[in-house]
Amino acid sequence: MMSARFYSSLMVVMSAVVLSACAGTTSQLDLAATMDMHCGSIPSVTVVDDVLTIGAGEKPTPGYAVQLDEQSRKGDNVRIAYQVSGPKEGAIMAQMITSPCTRVTLPEGWQRLTVENKDSGQQWVFENAAK
């Protein structure tokens with residue numbers, strides 16, 4: 001027969017698990033992302049059908065890219081931070097216009113998405129109306 005001490009210990013552990021879930025601990029994400037070199041001439045951050053597109057706008061040469069710095073989730077809130085990287089200093093690049101972007105598939109169940117440009121500090125906040 002199980003003792004009362006075991007049950008009280010089990011209740012404490014279960015309560016701790018429930019409280020940590022309610023507190024919404026932050027977890028790191030590794031979301032599926034693809035890069036493209038021709039996405040649009042204006043810098044933009046958009047969400048369509050649970051796909052986030054971060055466009056760097058028109059650039060004078062190849063070698064630019066949208067780099068994801070941070071991907072995290074706390075409950076149903078997702079946070080993504082990025083920066084735009086350029087070609088290595090001194091690199092010889094073809095003179096051709098590109099418009100790089102990164103597309104990120106958002107996780108199921110997201111309710112609020114915050115996207116931050118680490119270069120400028122600008123932020124965008126999206127709410128998922130489908131939920």
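This is a chat about a predicted model of one protein chain.

User: Where do I start, and what is the secondary structure of the protein chain made of?

Analyst: This is a predicted model, and the secondary structure of its protein chain comes to one helix and nine strands. Read along the sequence, the elements follow the pattern α-β-β-β-β-β-β-β-β-β.

User: How many residues are there in the protein chain, and what share of them counts as buried?

Analyst: The protein chain has 131 residues, of which 27% count as buried. Its accessible surface comes to about 8500 Å², and 56% of that surface belongs to carbon and sulfur atoms.

User: What does the pLDDT of the chain average?

Analyst: The average pLDDT for the protein chain is 85, and 81% of the residues score at least 70. Over residues 1–22, however, pLDDT stays under 50, and for that stretch the model has two contacts beyond four places in sequence.

User: Okay, contacts then. What share of the contacts between residues at least 6 apart joins residues at least 24 apart?

Analyst: Among the contacts in the protein chain between residues at least 6 apart in sequence, 69% join residues at least 24 apart.

User: Is Gly55 buried or exposed?

Analyst: Gly55 is buried, because its relative accessible area is 10%, and buried means under 20%. Not counting residues up to four places away in sequence, Gly55 touches Pro43, Ser44, Pro100 and Cys101.

User: And Thr98, where does that one sit?

Analyst: Thr98 lies in the loop between strand E6, which covers residues 77–85, and strand E7, which covers 101–105. Although Thr98 is in a loop, it counts as buried, with a relative accessibility of 2%.

User: What does Thr98 touch?

Analyst: Leaving out residues up to four places away in sequence, Thr98 touches Met37, His38, Gly57, Glu58, Lys59, Thr61 and Pro62. With Thr61 there is also a polar contact, in which a polar atom of the Thr98 side chain lies 3.1 Å from the backbone oxygen of Thr61.

User: Lys59 is on that list. Which ring does Lys59 lie over?

Analyst: Lys59 lies over the face of Tyr64, at 5.4 Å from the ring centre.

User: How far is Ser41 from Thr98?

Analyst: The C-alpha atoms of Ser41 and Thr98 are separated by 8.3 Å, while the two residues are 57 apart along the chain. Ser41 is in the loop between strand E2, residues 33–36, and strand E3, and it is partly exposed, with a relative accessible area of 45%. Apart from its neighbours within four places in sequence, Ser41 is in contact with Gly57, Glu58 and Ser99.

User: Switching topic, which residue has a phi near 50 degrees without being a glycine?

Analyst: That residue is Asp49, whose phi is a positive value near 50 degrees. Asp50, which is not a glycine either, has a positive phi of about 60 degrees.

User: Where are Asp49 and Asp50?

Analyst: Asp49 is in the loop between strand E3, residues 44–48, and strand E4, residues 51–55, and Asp50 is found in the loop between E3 and E4 as well. Asp49 is exposed, with a relative accessible area of 72%, whereas Asp50 is partly exposed, with 36%.

User: What about Gln71, which strand is that in?

Analyst: Gln71 lies in strand E5, which covers residues 65–74, and it is buried, with a relative accessible area of 12%. Its side chain reaches the backbone nitrogen of Leu31 at 2.7 Å.

User: Last one, how exposed is Gly63 and what does it touch?

Analyst: Gly63, found in the loop between E4 and E5, is partly exposed, with a relative accessible area of 33%. Not counting residues up to four places away in sequence, Gly63 touches Ser85, Gly86, Pro87 and Met93. The C-alpha atoms of Gly63 and Ala91 are separated by 9.0 Å, with the two residues 28 apart along the chain.

Definitions and conventions. Residues numbered from 1 in each chain as written. Predicted model: local features only at pLDDT ≥ 70, side-chain atom pairs only at ≥ 80, totals over all residues. Heavy atoms only, no water. Helix = DSSP H or I, 4+ residues; strand = E, 2+ residues; numbered from the N terminus. Buried < 20%, exposed > 50% of the residue type's maximum accessible area, 1.4 Å probe, protein only. Polar contact = N/O pair within 3.5 Å; in protein donor to acceptor, adjacent residues only side chain to side chain. Lys NZ or Arg CZ within 6 Å of the ring centre and 35° of its normal. pLDDT = per-residue confidence, 0-100. Contact = heavy atoms within 4.5 Å. Areas by Shrake-Rupley, 256 points an atom, 1.4 Å probe, with all protein chains shown as cover.
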